[in-house]
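Q: I've got a model open and I'd like to learn how to read it. Can we go through a few features together?

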Amino acid sequence: MDELTQNYQLLNRELAADDPWRLDGNPFEQKRYGQMLRLSLAEGSITHALEVGCAAGAFTEKLAPHCQRLTVIDVVPQAIARARRRMKEPPHISWTVSDVQQFSPDERFDLIVVAEVLYYVGEIADMRAAVRNLVRMLAPGGHLVFGSARDANCRRWGHAAGAETVIAMLNETLIEVERLECRGESVNEDCLLARFRNPVSGSL
């Protein structure tokens, strides 16, 4: 069984819980979501946002009221189903079951939020491919909010890399505007959040 299949099965098992990853009940997660929302709203109103990886919809619920349109993707159908039930199908949200490396919409987004997702995609080359696709989907002048557990924790969990590695990749084509640390009581509750801007001039 390859790593990607193992990660997919892991996500399915974790999503079967009532509160997967304690996203609703954990003070650390609430703090992380608050910081992510602040970064997401730093430029004011959002015309069209993309959320990559919705889990059970805990952050979707916070972001959606601030977006004229919101596109939500997740590789796990169960995650999309749970988030849709939670959100009660507001008309300005569209839902797609898709891998972040394969998702290829016609339009670009003025905000992309991708948190605790990329370490699941596989090896470093897979992460780089996902980053390239995210950058391609970001409108000129648009912003990308990224969050992840740090490299050390991700590797301890069996993944190829985490926050520091992906932030370095994003900095190759985007401009890092702000970076935050978010820590909780557990050694596992230690992540980096960063906001990036797509340069207005030139094509990436």
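A: A55 sits in the loop between β1 (46–52) and α3 (58–63); helices (H or I, at least four residues) and strands (E, at least two) are DSSP runs, numbered from the N terminus. This is a predicted model, where local features need pLDDT of at least 70, side-chain atom pairs count only at pLDDT 80 or more, and totals for chains, interfaces and linings use all residues. Residues are numbered from 1 along each chain as its sequence is written, and side-chain values use heavy atoms, with hydrogens and water left out.

Q: What is the phi of A55 like, and is A55 buried or exposed?

A: Its phi is near 50°, a positive value in a residue other than glycine. A55 is buried, at a relative accessible area of 16%. Buried means under 20% relative accessible area, exposed over 50%, and partly exposed in between (1.4 Å probe, protein chains only).

Q: And K88, is that one buried or exposed?

A: K88 is exposed, with a relative accessible area of 70%. K88 is not a glycine either, yet has a positive phi of about 60°. You'll find K88 in the loop between α4 (77–87) and β3 (93–97).

Q: Which side chain does R150 make a polar contact with?

A: A polar contact is a pair of N or O atoms within 3.5 Å; within protein, one must be able to donate a hydrogen and the other to accept it, and residues adjacent in sequence count only if both atoms are side-chain atoms. Here the R150 side chain pairs with the side chain of D190 (2.8 Å). R150 counts as buried, at 14% relative accessibility.

Q: How do I read a nonpolar core?

A: In soluble globular proteins, nonpolar side chains tend to be buried together. A nonpolar core is a set of buried Ala, Val, Leu, Ile, Met, Phe, Trp, Tyr and Cys residues joined through side-chain atoms within 4.5 Å. The largest one here has 35 residues, and V52, L134 and L144 are among those that touch the most other members. α5 (124–137) is one of the elements that supply at least two residues each, and α5 gives the most, with six.

Q: Which elements do the buried residues of α5 pack against?

A: They pack against β1, β4, β5 and α7, where contact means heavy atoms within 4.5 Å. The buried residues of α5 include M127, A130, V131 and L134. An α-helix has 3.6 residues a turn, so residues three or four places apart point the same way.
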